Amino acid sequence: MTSRAIARSSPTELVPSSSADTWEPALALWVHGRSPHTQRYYLQEARVFRHWVQKPLPQVTLADLQIYLDRLDQLPRGDRAARLRHSPECLQASSRRRTVAVLKSLFSFLSKRLGVVPVNVAAAIHAPKVKDTLAERILPESTVQSLIAAAGNDRDRLILQVLYGAGVRVSELCSLRWQDLKARSPSDRNTDTSFSPAEAKG
């Protein structure tokens, strides 16, 4: 197919008309352009649902989604597809919320962008509310300082200081370069370092 032909094609034409072949091409279009981590997570969630529902995409109903999500409440972490009916443990609300978000994203894309499904059947499902436990997970400053002091060498100590002082993620720390740093303002007395990340995220 030439580039001109691709330019004239609608999104639906990029997905095979055979219902048996619809899932994987549609999933590939859905995750295109997302980060590798997001692609892996989204595809894993979508494929577990596909394994469970055993239907072509256009035949998936709101009832299918509701039954699936109800059963998620009875599943342990790990391989949900293989253990759908065999555990009394509950999936954490935060994990269930992420699953709902993935399915809502998928069916919104399928209906609005591809037209593979006639209606967004996931629009009516709602994610459970999750208790805000951030305060419970924040370590006291004295504990953090003890961790820093216990570091085995200067390198590890500096890594911990940057993580704590700048609030950067591990991935951001690993990608830091000298050009990402800026001189500390003379009025900033909250840190003992001479430089601070220019684009730190909390």
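I counted nine helices and two strands in the chain; helices (H or I, at least four residues) and strands (E, at least two) are DSSP runs, numbered from the N terminus. The model is predicted, so I kept to its limits: local features need pLDDT of at least 70, side-chain atom pairs count only at pLDDT 80 or more, and totals for chains, interfaces and linings use all residues. Residues are numbered from 1 along each chain as its sequence is written, and side-chain values use heavy atoms, with hydrogens and water left out.

I read the order of elements from the N terminus as α-α-α-α-α-α-α-α-α-β-β.

I looked up burial next. Of the 202 residues in the chain, 28% are buried (under 20% relative accessible area; exposed is over 50%, partly exposed in between; 1.4 Å probe, protein chains only).

I then went to the largest nonpolar core, which has 31 residues. Such a core is a set of buried Ala, Val, Leu, Ile, Met, Phe, Trp, Tyr and Cys residues joined through side-chain atoms within 4.5 Å. Trp30, Phe49, Phe107 and Leu110 have the most contacts inside it. Helices H2 (23–31), H3 (36–53), H4 (62–72) and H5 (93–114) each give two or more residues to this core. H5 supplies the largest share, eight residues.

I listed the contacts (heavy atoms within 4.5 Å) of Trp30. Leaving out residues up to four places away in sequence, Trp30 touches Tyr42, Ala46, Val102, Ser105, Leu106 and Phe109.

Last, I checked Leu160, which lies in helix H8 (residues 154–166). Leu160 is partly exposed, at a relative accessible area of 31%.
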